Amino acid sequence: MTVTTIKRLAATALTAALVSVPTVAVTSADAAPARAGKSWTTIAKWEGAKHQACKVSIRKGKAFVIYTRLVNGNKAEIGAALMVTKGSKTRSEWHSPLIAKGKTSKTGKVVFPRNAGYTLGAGQFQGQMGDGGPVKVTKIGRC
């Protein structure tokens, strides 16, 4: 192998490592309702944007799929994240890219088990600035 090939392979591996995000498989039984829309609950507001979510019970009531999106106002590009953690470990997460003012992100989802010790956290960010904190799952409406 040439030095150039080795550098390309290393750069590709580094890029893959930096952008990989843990995922949680969601079966067809976990899929979103077949209706056209969802009933969204605003879980956070920041700089003119609304971070919204709704939930669907799965696994015979032992977990929720929480769908989420960011509806950006007209101030600036903003991104959002939703994470399920247990202790210090992230179990499921969703991150939007920066969403242009006046636009809405694609819908993402996380899986939240209804067991003790799991926490749902939401965050919004703009460049290197951000805000966030825990979200009570009981405050999120059903889809």
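Predicted model: local features only at pLDDT ≥ 70, side-chain atom pairs only at ≥ 80, totals over all residues.
Numbering starts from 1 along each chain as its sequence is written, and side-chain values use heavy atoms, with hydrogens and water left out.

**Overall layout**
- You get one helix and eight strands here, taken as DSSP runs (H or I, at least four residues, for helices; E, at least two, for strands) numbered from the N terminus.
- Going along the sequence, the pattern reads α-β-β-β-β-β-β-β-β.

**The open sheet**
- Four strands make up an open sheet, ordered β1-β2-β3-β6 with antiparallel pairing; two strands count as paired if DSSP finds at least two bridges between them.
- β1 (41–46) and β6 (108–113) sit at the edges with a single partner strand each, so one side of each has no neighbour in the sheet.
- From one strand to the next, the twist averages 25°, using lines fitted to C-alpha atoms as axes and angles from 0 to 180 degrees between N-to-C directions.
- β1 and β2 (residues 49–58) run antiparallel and are joined by five bridges.
- Within that pair, Thr41 is opposite Ala53 in β2.

**Packing and surface**
- Of the 143 residues in the protein, 34% are buried, meaning under 20% relative accessible area (1.4 Å probe, protein chains only).
- Among contacts (heavy atoms within 4.5 Å) with a separation of 6 or more, 59% come from residues 24 or more positions apart.
- The accessible surface is about 8,800 Å², with 55% belonging to carbon and sulfur atoms; areas come from the Shrake-Rupley method with a 1.4 Å probe.

Notes
Buried < 20%, exposed > 50% of the residue type's maximum accessible area, 1.4 Å probe, protein only.
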